[in-house]
There are 2 protein chains.
Amino acid sequence: MSNPEILFQTAPDQYKHWRLAIDGPVATLSMDVQEDETLAGGYKLKLNSYDLGVDIELADAVQRIRFEHPEVRAVVITSLKPRIFCAGANIYMLGSSSHAFKVNFCKFTNETRCAIEDDSSHSGRRYIAALNGTASGGGYELAIACDEIYLVDDGNSAVSLPEVPLLGVLPGTGGLTRLVDKRKVRRDRADVFSTLAEGLKGKRAKEWGLIDGYFPTSKFQESIDARIKQLTSDAAPVEGIKLTPVDSQNYKYLKLKLNRDQRYADLTVLAPEGPQPTTAEQIQEFGAAYWPLQAYRELDDALLHLRVNEPLIGLVCLRTEGDAENVLSIDQMLAANRDHWLVREIILNMARVLRRLDLTAKSFFAIVEPGSCFAGNLLELLLASDRSYMLMDSDATLAVSELNQGAFPMSNGLTRMQSRFLAEPERLDEVFGDKKTFDTEEAEELGLITFAPDDLDWEDEIRVAIEERTSLSPDALTGMEASLRFAGPETMDTKIYGRLTAWQNWIFQRPNAVGPEGALTNYGKPTQAHFDYKRT
Amino acid sequence: MSNPEILFQTAPDQYKHWRLAIDGPVATLSMDVQEDETLAGGYKLKLNSYDLGVDIELADAVQRIRFEHPEVRAVVITSLKPRIFCAGANIYMLGSSSHAFKVNFCKFTNETRCAIEDDSSHSGRRYIAALNGTASGGGYELAIACDEIYLVDDGNSAVSLPEVPLLGVLPGTGGLTRLVDKRKVRRDRADVFSTLAEGLKGKRAKEWGLIDGYFPTSKFQESIDARIKQLTSDAAPVEGIKLTPVDSQNYKYLKLKLNRDQRYADLTVLAPEGPQPTTAEQIQEFGAAYWPLQAYRELDDALLHLRVNEPLIGLVCLRTEGDAENVLSIDQMLAANRDHWLVREIILNMARVLRRLDLTAKSFFAIVEPGSCFAGNLLELLLASDRSYMLMDSDATLAVSELNQGAFPMSNGLTRMQSRFLAEPERLDEVFGDKKTFDTEEAEELGLITFAPDDLDWEDEIRVAIEERTSLSPDALTGMEASLRFAGPETMDTKIYGRLTAWQNWIFQRPNAVGPEGALTNYGKPTQAHFDYKRT
């Protein structure tokens, strides 16, 4: 890869585009995009438009609020630019990006917005979009990820999704789905709104359910303040922890080996060692160094790195190493203290990282050998994999914990174990019975693993499986995995990642968008888009 | 269009590829594809592979069984070719087709398979796939649309989905979704199966849930017969009706005006006139000439024609003409006799046609004026539209009937009225209260229509709306409409038409499939596919 590597670690004192201010129970996240501070060349981030770098800061800020400022009950998202909240994803960045980058960019921004909603649903923090100016495209999609949206009524500011009429693509960050599924805007109104380049201003936007209120310029700030006051009246002080930097070059609980010539990676998660906290207070003291937080933050970083910086790696072999008992003790500790705010956040973060894995467009094989510790939370790695290989050896084991029964829901709302046994839900009783640890024969009998080769076949079988997988069409695998991983119910999230994303990916390749005469290609140029009007 | 027009009307005595035999309560549908009887040049339909022409016959046969042979309780789908059931969609046909044709082909074959499942769930007919030879790709996808699958155990025959490993595309007719959602095959096994070109034979196929049983060659026919006997033991004779041909050149209840230069069509449905049946027996006498059957069969034909033969028509203005009272009387008659087999089939067919409309990749505007009859079942046309325009005139009215409350579910399982009022379900009580007919003001107040221009603005507003709509990117509109039309719950059907279809459409454009070095392009040639292995 000749492209510069994209790093996903940042911190408030390094932000270029956002300011995070904490005032007791209120966090204010102000967007002030620096137009020259781009991740790549060739475009300027005018009018609070964004590229991946801007969104990496937003994702970091949401994460920090949850861990470092648990006392915060309301988060105001607003802009420091006059008359503009946010103009959405930068069009010239999109126009000059590769297809794969566009797809990964949209996926990450979607995950950031889902993380906002995750905070809101599970940690009860209220997100208020204070639109002190126009929110268009991704700007409105950011607003619609918040719980409440207020727009300034200055005769000019509007909310809009101009992607279809102006760019010939879809709003790519969940906007269409959230319009009809989250805000339940009537579909004919959603149709009109999504084809209206200039969008809608206060009164009609409110009437159609696109915003929750609008206030004249002179009363905007005080109205927002009043609403925030209502939302934070019962706030109490809580002490946060510091999210120390993840060292991408030197993970503590992760080994990442890139076999670039063979187009696959070995990713090994290491079990915790040494004394672990035995009370919630001790967990708080351990802070970011506590294994389930550090290991999963490292895993998150590695997944993002693989997605964006290692496109040629098509397969990840997931392995674990260490004492399964130590992993199970962690789970026991987390389960016993799940009502403590920090433990709750740690579990929710693990769940988000595991969903990031589910949504990663690479194949995953879990490899289980003696010395592995696919136990409790780490068993989820196996359950999230497209298939698993477990050596037929009495020293190889899998183990379940209480956390496998609901702590880590997939995007479809099911646990990975429920997804696995859709056909035979009664299996869940066997898996979660008195016996918690299973050797290879038992795991095979229970249906927990795909293949159980014996010692003689083991190396050949794994080698051939890897060779075969990495020889297949990467695009067909992406579509196949997206279709097989999420059986059963659908949610707004699965609609966003499945339906909307797939359509957007399709459109992102169409000549009408990205061809020489396409709308995305010609946006802002003196030339005009010309469409092939054949409907597909 | 220089392509020859594709016609969707056929009948058993014209079938080239299927034989339909009725023996009391058992229908046998045998596939015997004639390799030279193709819809286009450049390929041969070897090994019971199919093109759209083969599937048009299958769709017709399923429809005829329902209406002409209601006494049938079990349908056996099998092959007259030795050692092969069906090799799926013809690869050379796919390789030589335009992107738009491939997409429309897959959509139609999906609708045919959903129609089989619709018959099975709502009319109780059991579909048995008697696989007397290998079922690969679309062949297995046809089997998996049936209720039960039996495979011959001849040491050779297998079921398989070889699309990913051999062609670099997805099984495009719902196969992946039905694997994990209908048959609930474990996702790791589904992963292995879908990447295994040669597929699985009897024993393992049964163990993994891919089939329901397997029998040695010598016992195959008798085992199928025995199963059929079990299924049809309680059959009783019923008299069917004759499905007379739909005259595509001369619809009786439809006017289709193609404004090709402006890229839109006016499609007007006419209300029934004259005396109508007043008993179920009279309905049976009217047969295919009964308005709700004839009008909706004509509508179905027109929609298919627009999809496949008129790709440049991007917008359809739906209009109705005639006496709304006559439409409402029909609904009353249907509702009162819904337990009669023919009335049930007529209603189910109307529901399927309306779903075909929901799934058509064209924009729909409903246009309501004095003289329109958007009442009862025809109101569904308005509710299915992306938006509606109703002239502010006291002579323009809409009316609801009992059938709007559940007779015509969308693919997502909701009525169109429920979909419309997701945000305010209490509105349903107002809409379905004592008052059944609403003028423009009332319709607007209730939220039934999008816009209500007055006489002065009417013509201009419609003209500008049409011009604007047809100027937008047709691809962006397709993705947008697919995202906005199906809010709320998801079902296997919506997953197939939303998620799976969108991914398949994406892959159908990727160079790894259709480029000069793509797998689809190079299938069966001495040259080999070469992939760009970057994951997206």
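**Exercise 1. Work out how A:Asp60 and A:Arg64 are placed in helix H1 of chain A, and which kind of contact their side chains form.**

Step one: A:Asp60 and A:Arg64 are four residues apart in helix H1 (residues 52–68) of chain A, so about one helical turn separates them; helices here are DSSP runs of H or I with at least four residues, strands are runs of E with at least two, and both are numbered from the N terminus. An α-helix has 3.6 residues a turn, so residues three or four places apart point the same way.

Step two: the two residues form a salt bridge, with the closest N and O atoms 2.7 Å apart, where a salt bridge is a side-chain nitrogen of Lys or Arg within 4 Å of a carboxyl oxygen of Asp or Glu.

Step three: A:Asp60 is buried at a relative accessible area of 12%, and A:Arg64 is buried at 3%. Buried means under 20% relative accessible area, exposed means over 50%, and partly exposed lies in between, with a 1.4 Å probe and protein chains only.

A note on the basis of these values: this is a predicted model, in which local features need pLDDT of at least 70 and side-chain atom pairs count only at pLDDT 80 or more, while totals for chains, interfaces and linings use all residues. Residues are numbered from 1 along each chain as its sequence is written, chains are lettered from A and ligands numbered from 1 in the order in which they are written, and side-chain values use heavy atoms, with hydrogens and water left out.

**Exercise 2. Compare the setting of two further salt bridges, A:Arg427 with A:Glu424 and B:Asp532 with B:Lys534.**

Step one: the side chains of A:Arg427 and A:Glu424 meet at 3.5 Å, N to O; A:Arg427 counts as buried at 17% relative accessibility, whereas A:Glu424 is partly exposed at 29%.

Step two: in chain B, the side chains of B:Asp532 and B:Lys534 meet in a salt bridge at 3.5 Å, N to O, and here B:Asp532 is partly exposed at 42%, as is B:Lys534 at 36%.

Step three: salt bridges that share partners also build one network, which joins A:Arg66, A:Asp118, A:Asp119, A:Arg125, A:Arg344, A:Glu345, A:Arg352 and A:Arg355. Over all chains the count comes to 100 salt bridges.

**Exercise 3. Describe how chain B meets chain A, beginning with the number of residues in contact.**

Step one: 84 residues of chain B are in contact with 84 residues of chain A, contact meaning heavy atoms within 4.5 Å.

Step two: the area buried between the two chains is about 8200 Å², and carbon and sulfur atoms give 58% of it; buried area is the accessible area (1.4 Å probe) that two parts lose on being put together, summed over both. On the side of chain B, the residues that lose the most area to chain A are B:Arg187, B:Arg499 and B:Arg535, together 13% of what that side buries.

Step three: there are 16 salt bridges between chain B and chain A, and B:Arg187 forms a salt bridge with A:Asp386, the closest N and O atoms being 3.3 Å apart.

Step four: among the elements of chain B that give two or more residues to the side touching chain A are helix H3 (99–123), helix H7 (187–193) and helix H20 (492–507).

**Exercise 4. Find the order of the strands in the open sheet of chain A, and say which strands stand at its edges.**

Step one: the three strands have the order S5-S8-S10, with parallel pairing, and two strands pair if DSSP finds at least two bridges between them.

Step two: three bridges join S5 of chain A to strand S8 (residues 133–136), and A:Ile84 has A:Thr134 in S8 as its bridge partner.

Step three: strand S5 (83–86) and strand S10 (159–160) of chain A stand at the edges with a single partner strand each, so one side of each is left without a neighbour in the sheet.

**Exercise 5. Locate A:Lys184 and state what its phi shows.**

Step one: A:Lys184 lies in the loop between helix H6 (175–182) and H7 of chain A, and A:Lys184 is partly exposed at 33%.

Step two: the phi of A:Lys184 is near 55°, a positive value in a residue other than glycine. Most residues other than glycine have a negative phi.

Step three: seven of the eight residues of helix H7 (residues 187–194) of chain A are buried, so this helix is largely enclosed by the rest of the structure.
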